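Please open the model in your viewer and keep the selection panel at hand. The stops below say what to select next and what is there.

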Amino acid sequence: QERSRFGPDVTGEKLAIAHAPVRKAKPGEDLIIRATASSKEPVAGVKVLYRSGQGEYRDIEMRQTEPYIYRAVIPGSEVKEALEYFIEARDQSDARSRTNSISVSVTDDSEPPLLRHTPIARAAAAKPLAVTAEVSDPAGIKWVRLHYRSVNQYEDYKTIEMTPTGQKNPPAVGRAGLYQAVVPAQDVVAKYDFMYFIEVMDNHGNGRIYPELQKQTPYIVVKLARQADGGLERLGNESCENHKGYARRTRREIICQNHRDCYT
């Protein structure tokens, strides 16, 4: 009953198509395409048009399986390299609508990229923060992204691209390369600590998120050093007996203001 009462929101007279794109398929296996179509006028027909490479498009009528929901199967014999498709619908007034063309990665490769990263434990507040990772995949890397925010549940993650470091071009396919992103100082807010995770995708649509949820907490928390009185940094519980909570940071060590060997 709930399904029979379901209907997409339709604004105006426009014919609307909703579809979750299929981005990856195995060669030789049937590819199922589903979509939702709705209009003020009854929907007269929905079809999927597909091709491989630069050939002519072929079309298959999508069969209505439930109210507003349509389904078609691209046969496995047609699922091969450089496959792309789009969906077209028309209503009884002959109004038409279509999706953008969608490229499908047809491959047997299901291995995600390798990603190596040393988590950042500490950083200075209100200073740019560089995050670097070593990434590799035999298929080549499509993109690497850094997601970050303050440790504040009311904030959304921001995302920036990680780019190859010290190279004019991306690393050769199959070779490891260093990727880096720099978080602007204004996003490293002193009021909260900082958290981040890294996402990578290869050219065959395989992805990895670091840290991995199955192995550990899926984000890294960075303890921020904040400026306190007298130009010293408050470092929480890490302090000597005589100078609780205050220290001065140098390039290679953290030292108490008056006891240089308190921190090494």
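Colour by pLDDT, the predictor's confidence in each residue, from 0 to 100. Among the elements of this predicted model, strand 7 (residues 69-74) has the highest mean pLDDT, 98, and helix 1 (residues 2-5) has the lowest, 44. Helices (H or I, at least four residues) and strands (E, at least two) are DSSP runs, numbered from the N terminus. Residues are numbered from 1 along each chain as its sequence is written; local features need pLDDT of at least 70 in this predicted model, side-chain atom pairs count only at pLDDT 80 or more, and totals for chains, interfaces and linings use all residues, while side-chain values use heavy atoms, with hydrogens and water left out.

Next, select residues 1-7, where pLDDT stays under 50. The model has 7 contacts (heavy atoms within 4.5 Å) beyond four places in sequence for residues 1-7. Then select residues 234-264, another stretch with pLDDT under 50; here the model has 58 contacts beyond four places in sequence.

Now show the whole protein as a cartoon. The protein has 22 strands and 1 helix. Its average pLDDT is 84, and 77% of the residues score at least 70. Among contacts with a separation of 6 or more, 62% join residues 24 or more positions apart. Of the 264 residues, 36% are buried, that is, under 20% relative accessible area (1.4 Å probe, protein chains only).

Which strand pairs with strand 12 (residues 122-124) in the parallel sense? Select strand 19 (residues 220-227): the two pair over 3 bridges, and Ala 124 has Ala 225 as its bridge partner in strand 19. Two strands count as paired if DSSP finds at least two bridges between them. Phe 194 stands opposite Val 222 of strand 19.

Last, display the largest pocket, with a volume of about 280 Å³. A pocket is an open set of points on a 1 Å grid over the protein atoms alone, where a 1.4 Å probe fits, with protein on both sides within 12 Å along at least five of seven lines; lining residues have an atom within 4 Å of a point. The volume is the space filled by probe spheres set on the points. Of the 16 lining residues, Arg 23, Ser 103, Ser 105, Lys 142 and Asn 203 are the closest to the centre of the largest pocket. Strand 8 (83-91), strand 10 (102-106), strand 14 (141-150) and strand 17 each give two or more residues to the lining. Strand 10 gives the most, 4 residues.

Methods: Buried means under 20% relative accessible area, exposed over 50%, partly exposed in between (1.4 Å probe, protein chains only).
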